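This report looks at some local features of a protein chain. The sequence and structure are shown first.

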Amino acid sequence: MTTVSILGCGWLGYSLALDLLSLKNYSINASTTSKDKITLFEENKLHAFLINSKDNKIDKNILDEFLSCEVLIISIPPKKDNVNYLNFLEKIASHERINTIKQIIFISSTSVYPKIEENITEKQDITYKNTSKTLVYEAEQIFIKKVQNLVILRCSGLMGDNRIAGKYFAAKQIEGENDPVNYVHREDVIEIISLLIHKKIVDKIYNLCSPSHPSKKEVYFNNANKYGFKKPVFINTKVGVQRLIDGSLVSFDLDYKYKYSSPLEF
């Protein structure tokens, strides 16, 4: 039985926890910031831990127990109101148990890449000066510099279930109708993480993105018809940065075929 600790069981992490648990090979430690979720987690046979990245004084015993695992998955997106985010990640990366963990998977974002009109692969050079999201870059660097057995997953826009591209913009005026989208479905991310654990992959960085990049207008209008919300109104044909995220390396390395090859299938 492999113990997997998932730090941040929100929209992605909780679904991942339940999926791994269903495989019967894993014992799951699941962290939450909400006391209300403790009972829910325990009812679903997850070992629940109350850990808040905004709290600068986390109980050492709780953290020691949580990090007593073979696999650690960190799924805490940076938020503007969390001024303690990087300090918290430093605390995790510097913990005395961290380099006893056999595999650490850090969920990052393709927003770390510079805004350039290219087909972006994992070989793209990223610096503090050219990154389009400084906080994401700094978070990655904490783990790159301090931990062993690391896998970084740079996810494109995460969609699936109740996250529907374009719904937020229903009936609103927006630009960029011809801009290609970079999205990945939550089910693909979960499947890939499961494969990474099974194959014991370490020391890798992967982009996760559906192979197809239809235009924003195609996706938003398709979803409006499919899910019954009003179409956004594109006010001009202004072209934004034509940036394409290449998520093919993970397919090649893991012999994995994306379940959702296009955002039009989400």
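This is a predicted model: local features need pLDDT of at least 70, side-chain atom pairs count only at pLDDT 80 or more; totals for chains, interfaces and linings use all residues.

## Helix α1 and its cover

Helix α1 spans residues 13-22, and its buried residues include G13, Y14, L16, A17, L20 and L21. These residues lie on the same side of α1, because the arc they cover around the axis is only 160°. An α-helix has 3.6 residues a turn, so residues three or four places apart point the same way.

Among the elements that cover the buried residues of α1 are the strands β1 (2-7), β2 (26-32) and β4 (71-74). The helices α2 (36-43) and α6 (186-199) also contribute to this cover. Just after α1, K24 has a positive phi of about 70°.

## Packing of α4 and α5

Helix α4 (residues 85-93) packs with helix α5 (residues 134-146) at an angle of about 15°, and their axes are 10 Å apart. Angles under 35 degrees count as roughly parallel, so α4 is roughly parallel to α5. Their crossing is right-handed.

On the α4 side, the contact is made by Y85, L86, L89, E90, I92 and A93. Their counterparts in α5 are L135, E138, A139, I142, F143 and K146. Of the residues in this contact, 9 are nonpolar and 3 are charged, with no polar ones.

## H47 in strand β3

H47 belongs to strand β3 (residues 47-50). With a relative accessible area of 42%, H47 is partly exposed.

Leaving aside residues up to four places away in sequence, H47 touches S27, I28, N29 and A30. A30 is 17 residues from H47 along the chain, and the C-alpha atoms of the two are separated by 5.9 Å.

Conventions: Residues are numbered from 1 along each chain as its sequence is written. Side-chain values use heavy atoms; hydrogens and water are left out. Axes are lines fitted to C-alpha atoms, for helices over the stretch in contact, and angles run from 0 to 180 degrees between N-to-C directions. Helices (H or I, at least four residues) and strands (E, at least two) are DSSP runs, numbered from the N terminus. Angles under 35 degrees count as roughly parallel, over 145 as roughly antiparallel, 65 to 115 as roughly perpendicular and the rest as oblique. A crossing is left-handed if the near helix is turned anticlockwise from the far one by less than a right angle, and right-handed if clockwise. Contact means heavy atoms within 4.5 Å. Ala, Val, Leu, Ile, Met, Phe, Trp, Tyr, Cys and Pro count as nonpolar, Asp, Glu, Lys and Arg as charged, and the others, Gly among them, as polar. Buried means under 20% relative accessible area, exposed over 50%, partly exposed in between (1.4 Å probe, protein chains only). The arc is that of the directions from the helix axis to the C-beta atoms.
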